Structure formats: C-alpha cells, structure tokens
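Subject: Structure handover

Hi,

Here is the structure for your work. My notes follow below.

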Amino acid sequence: MPHTPHAPGMFLFGGDYNPEQWSREIWAEDVALMRQAHVNTATIGVFSWAMLEPSEGEYDSQWLDDVISNLDAAGVGFFLATPTASPPPWFTTAHPDALPIRADGTPVLHGSRDTYAVSAPAYRDAARGIARFLAERYGTHPGLRGWHIHNEYGTIDYGPHAARAFRDWLRRKYVTLESLNTAWSTAFWSQRYGTWDDILPPVQTQYLHNPAQLVDFKRFSSDELLAAFTEQKDEIRAAGSTAPITTNFMLPTWNHLDQWAWSDAQDIVSIDHYLDTAGPDGEAHVAYGSDLTRSWAGGPWLLMEQNATGMRVGDRLATKEPDRMVRNSLGYIARGSQSSLFFQWRASAGGAELWHGALVPHAGADTRAFRAVVELGEMLEKISEVAEPPTSGVLVESEIGIVWDAEGWWSLETPHLPNDAIGYSDEVRAAHRAFWRGGYAVDFVRPGTDASRYRLLVVPALYAITAETGRWLEEYVRSGGCLVVTFATGLADEHQRVVAGGYPGMLRSLLGVRAEQIFPRPDGDIVYLSNGLAGGSWTEMLHADGADILARYDSGNLSGLPAITRRSLGTGSAIYLSTKLEQASLDTFLAGLAAEAGILPVLEGASAFGVEAVRRRGATADYLFLLHHGDHPVRVDGAGADLLSGARDRILLAPGQVAVIREESRAWSIVDA
Ligand code: GAL
C-alpha cells in the first residue's frame with residue numbers, strides 16, 4: 001500500500017523550497033545539502049504563479065520539471081502548492097475588479113501578496129485554471145506527497161463582489177428579509193432592510209457595527225474561502241490526481257476560518273506555527289498549536305511551516321537556539337504531527353522576507369544552525385517507527401477537553417461587550433496553559449460531538465452559543481461529566497442577542513446560577529476569593545439558584561457573594577467561574593479539578609523539573625516524549641528504550657535535551673540527577 005502523509009512510515013522533513021529565487025548552481029548545492037540533512041520533503045510552487053503563467057493562459061513549467069527531476073534524483077518527495085495566494089501583476093492589471101477592497105473602501109493593489117478578491121469570478125476562474133494545469137501535469141507524479149492548495153487562506157474582501165456573494169449567502173440562510181431583520185435586531189438604530197440589495201458587508205461606518213451582521217460576515221467569508229478551496233480540490237480530482245489534499249492554516253493570529261468545517265474538507269490538516277514569544281511560554285504555545293491541530297484533524301496532522309532560527313517579536317528578530325528548534329520540532333511530533341517542515345529551505349537574498357530564518361541560513365552550511373538541521377534530520381530517522389499511527393484508538397489519550405469554536409472567537413470580537421479586553425484565544429490558551437503547566441494531556445472539542453471520553457470539559461469564554469450547544473453541554477453533565485464554564489460564556493444566542501432574565505441566559509438553568517449584573521474591573525484591580533484564589537477584569541453579582549457555592553468574593557463590592565459554584569445534575573456536575581482568574585489561580589483551580597476527577601499528569605512530578613512529558617501512541621508501542629525545558633539534569637526511571645540515545649530503563653536528560661522512549665510499561669518516575 002502506498003504511504004500517505006497520514007502514515008508515511010517516516011516523518012516528513014524539509015520545508016518550503018523556492019528555487020525560482022536562485023541560479024541553477026545553487027539548485028545543485030540545494031539537493032546536495034538536502035541529502036546531507038536527510039531532508040525528504042520539499043514544498044514547491046507556493047508563490048510561483050508569475051513564473052508558471054507569465055501571461056494570461058501562457059504556461060511555462062520547464063523550470064518546475066527540472067526542479068522536480070532534481071528532487072527526484074535526490075530522493076526528495078514534494079508537496080505541490082497551487083500558487084493562488086499571490087496572483088501575478090498581469091492578473092490584477094487585466095482584472096482590477098479582482099483586487100480586494102478593505103473595510104474602509106480602499107483597494108489593495110498588487111505589490112505584496114494575497115491581493116485577490118475571493119468572490120471575483122475572474123480570480124476564481126484563474127485559480128481553477130492554474131490548479132487544473134498543475135494537476136494535469138504533475139498530479140500522478142510518484143514523488144508527489146500531496147497538494148498544498150493556496151497559502152493561509154484569510155484575505156477578506158469587502159468590495160462589490162463580496163457584497164453580492166454575501167447577499168446570496170444571506171438569502172440562502174434567512175430566506176426572507178423579515179427573518180434577517182429579526183435575527184439582526186435591525187429595529188435598533190433604524191437599520192431595517194426593505195431590500196436585499198441594501199445590505200452591505202460590514203464596511204467602514206460612523207460608529208459601532210451591528211454585531212449579528214459582523215458575525216454573519218465572518219461565517220460568510222469562511223464559507224466563501226472554503227468554496228474557493230473546494231473548487232481547486234475538484235479541479236485536481238477531475239484531472240485524475242488522487243494525492244492527499246491540504247491547505248495550511250495560520251495559527252494563532254488569524255480567525256478567518258471555521259477550522260472544524262475546513263478540516264472536514266481536507267484529507268489531512270496542516271498548520272503553520274510561529275512562536276509569538278521568545279520567552280518560556282513559547283513551549284506552551286507549541287503544545288497549544290499542536291493540540292488544536294490534532295483535534296481539528298481527529299488524528300495525525302502536518303506541521304507545514306515553522307521558523308528554524310528565530311521569531312519576530314515586535315519590531316525585531318529573536319533567536320531560536322538550536323536546542324530549542326529541535327525540542328520544538330519534537331514537541332509538535334509528540335502531539336501528532338507527521339512532519340517537521342519549515343519556511344523556508346534557503347534564506348532569501350532579496351524580497352520582502354529576506355530576514356526570515358531558514359534551514360540554510362545566509363551564512364551557508366558551515367554554521368551551527370545548519371548543523372542543528374542535520375542533527376534534527378538524523379533524529380527524525382531514528383524515531384521513524386513512531387510515525388506509524390495506531391490502527392485503532394486515539395493518538396494522544398486525554399481525559400480533559402477544552403471546547404473550541406471559531407464562532408466563539410467571532411462573537412467575542414463584536415464591539416462594546418462588557419469588557420472588550422477579554423480575548424477568546426487568550427482565554428482558551430489560559431485554560432490550555434494551566435493544564436500544560438500541570439503536565440496533563442488535553443484535546444480540543446467541537447461543540448455537538450461525542451465528549452463522553454473527557455472526565456473534565458472546560459468551556460472558556462464562549463460568549464454566544466446555540467440552544468443546541470446548551471443541550472449538548474447538559475447531556476454531557478447528566479451522563480457523568482464535570483463541566484467547567486467560565487465567565488463570558490452563554491450570554492448571547494447565535495444572533496448575538498442577549499438571553500434576558502439573568503446571566504448567562506443560555507446556561508443559567510444548567511449551571512444553577514443567575515447573575516444580575518456584570519462588573520468589569522480595570523486592569524490591576526484584583527479581587528480575592530474565599531478559597532485563596534485571585535481574579536479580576538470581570539466579576540458578576542451572582543446568585544446561586546440550585547448550585548452549591550465553592551468560593552465567594554472576598555474583597556471589593558461583591559464581597560460575600562458567590563464567585564464559583566457547582567451544580568450537581570444527573571451523575572455529573574457543572575461548575576461556573578464568574579471571574580477571570582489570574583493565571584496562577586487558574587492553574588491551581590484546574591489542576592485541583594483534574595485531581596478530583598482522578599486524572600493524572602502524563603508523568604507525575606515532571607513539570608516541577610521543567611520537563612514536558614507527552615505520550616504518543618504508535619502502531620505497535622506507546623512512546624513517551626520527554627522535552628527538557630528546565631535547567632537541571634534529571635533522571636527518569638522505568639521500563640523502555642530511548643530511541644535517540646539508546647539508553648534503557650534509566651534515562652539521563654540534560655537541560656535542553658529530548659528523549660523518545662519506546663515504553664514497555666507506563667510506570668515512570670523522575671528525580672534530580
Ligand atoms: C507564513 C507564510 C510564509 C512566510 C512565513 C514567514 O505565514 O505562509 O509564506 O511568509 O509566514 O513569515
């Protein structure tokens with residue numbers, strides 16, 4: 001059976017390869033260095049539209065034929081990208097209406113990348129055309145590992161094409177203008193629509209936008225981009241290519257896509273992941289991106305891009321030390337990635353991103369950075385058996401789930417909420433970070449899916465929910481789960497309408513509480529709770545209405561009133577957290593609930609040493625990944641062999657080091673070495 005990126009029998013190693021920026025002498029050096037570094041995968045063509053189609057309908061692919069035959073000769077497989085994220089200048093000159101328009105009405109002209117209006121027919125035709133051309137020419141090539149459609153979908157257009165397509169989408173959704181007017185609460189501010197043609201995307205306007213319009217436009221844009229993706233996929237299949245298809249999601253800064261729906265449409269899910277901090281929280285960020293993507297994928301996934309040597313923090317580059325590059329790479333793999341791919345192979349000498357890190361830096365192969373790349377290539381070969389996923393069951397076992405929903409992010413971004421500083425991904429990440437710090441395995445959960453394997457299910461800041469999601473959460477509790485709902489959840493329905501009668505209206509009866517008023521707090525205004533925890537930013541005048549009180553406010557104007565409650569229902573319980581706990585308090589609180597539910601960290605005590613432990617299941621064994629982010633040597637005792645060092649049963653780990661242990665038993669202990 002041919003191997004696929006799901007089960008390639010090895011980890012994919014390499015990255016974006018842009019030989020069109022270089023001479024043919026450099027191409028020869030490239031493949032020699034790829035061999036040296038054990039690179040087995042190159043992603044080609046991501047930004048090659050202008051080279052492949054120098055003028056409308058005229059294709060030139062001789063150069064790409066040559067690139068592919070060079071890779072072939074070196075035994076390097078390839079992802080072939082469709083170059084549709086970056087239309088060439090001739091395209092926008094010929095089709096100026098296909099340029100995106102910003103919300104403020106200004107056109108975005110060519111000169112950078114991503115200058116396309118996704119709803120423009122000329123763009124869609126051209127994108128289908130180039131996808132078809134590539135699929136016909138290369139779709140059955142034996143070196144083709146898969147299709148990388150487009151690059152980081154997420155360019156949002158507010159122009160006339162978008163307006164037309166948005167109206168069509170709204171007509172399909174609401175059928176009558178009356179139901180749209182009701183759903184959008186257009187009675188407020190005289191926004192009532194008498195004809196579909198009056199409806200606009202949420203373009204620049206005088207004051208606040210209508211929140212229901214904003215969220216519908218987000219839904220529409222995600223669907224529209226997905227339709228463009230699906231059209232390319234159909235062209236590729238129609239041309240007879242059966243290779244797996246993906247598109248690379250951008251994490252975590254963009255929220256333009258409903259990732260669950262998009263994941264359903266792909267053969268394998270992939271992400272680009274760039275650390276957003278040079279500090280130690282970067283390690284938690286790797287885990288967060290990986291757990292999210294594994295959950296979207298429902299199994300193995302691909303890391304399509306990371307940065308080998310650094311990260312951009314604010315206005316400057318921060319270095320990623322080689323040991324961190326290796327640890328991060330193994331961190332993604334521990335949590336289900338089938339690859340360690342980078343942007344990009346060779347650092348550009350010119351162009352907009354010439355200072356972005358690369359596997360081959362400007363200084364060339366005689367560098368500490370390239371030696372680390374070679375070392376990583378060797379390590380990935382040593383652990384290749386891990387790449388075979390289990391034939392049944394889950395890849396990373398977890399008893400803790402965190403609900404994730406793109407709609408939650410969109411709804412919490414609508415303006416003029418009680419506290420606009422509360423960010424959806426900040427809250428989700430805070431919950432994930434708390435479990436990561438405690439050493440627990442975590443999955444993310446799609447609303448409405450089977451959550452019965454999670455003993456603990458956390459719902460952070462899911463501001464707007466449907467009645468269906470409310471029923472799903474109730475069912476989870478009734479059948480024995482421990483549900484934790486945080487503040488800023490369930491306040492509104494899917495039309496961004498508050499459910500009156502006390503907060504959080506959508507979940508009031510499930511939680512057994514009723515809040516009569518929300519008190520956002522200024523930054524730094526800390527409230528203390530009777531159980532010793534501290535919160536702030538958001539507090540509520542809360543009444544228990546069927547729930548037990550776990551903690552009361554112990555300072556400030558709400559002193560003595562409930563802050564954290566628990567309602568028992570069926571065989572489970574529903575906990576409500578009415579304030580934003582400080583991170584240290586959230587860590588304590590969630591770890592306490594995990595312990596109460598009988599959930600154990602992957603390796604008891606490891607976190608205290610700065611060691612991250614992750615168990616990834618394989619086809620014939622389980623593998624314990626140990627990533628040492630701390631600063632003292634440790635010793636880990638148990639039964640199993642480290643595939644990297646060859647050590648058995650007693651494994652010494654220096655700061656910065658990694659072990660990948662084929663387990664003979666799950667009983668391990670960790671001590672200071
Ligand atoms: C990614 C993108 C790449 C490159 C990289 C570095 O998001 O896909 O093309 O721009 O960032 O900034």
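Asp443 touches Arg294, Ser295, Val396, Ser398, Ile400, Gly401, Ile402, Arg453 and Tyr454, leaving aside residues up to four places away in sequence; contact means heavy atoms within 4.5 Å. This is a predicted model: local features need pLDDT of at least 70, side-chain atom pairs count only at pLDDT 80 or more, and totals for chains, interfaces and linings use all residues. Residues are numbered from 1 along each chain as its sequence is written, and side-chain values use heavy atoms, with hydrogens and water left out.

Asp443 lies in strand 13 (residues 442-445). Strands (E, at least two residues) and helices (H or I, at least four) are DSSP runs, numbered from the N terminus. Asp443 is buried, at 5% relative accessible area. Buried means under 20%, exposed over 50%, partly exposed in between (1.4 Å probe, protein chains only).

Now the aromatics. The whole structure holds 30 aromatic pairs. Rings of Phe, Tyr and Trp (its six-membered ring) pair if their centres lie within 6.5 Å; planes under 30 degrees apart are stacked, over 60 edge-to-face, the rest tilted. Tyr153 and Trp262 are a tilted pair, with centres 5.3 Å apart and planes at 50°. They sit 109 residues apart, Trp262 being in helix 9 (residues 259-264). Tyr153 is buried at 4% relative accessibility, and Trp262 is buried at 0%.

Trp345 and Phe370 pair edge-to-face, 6.4 Å centre to centre with 80° between the planes. Trp345 is buried at 1%. Phe370 is buried at 0%.

Best wishes
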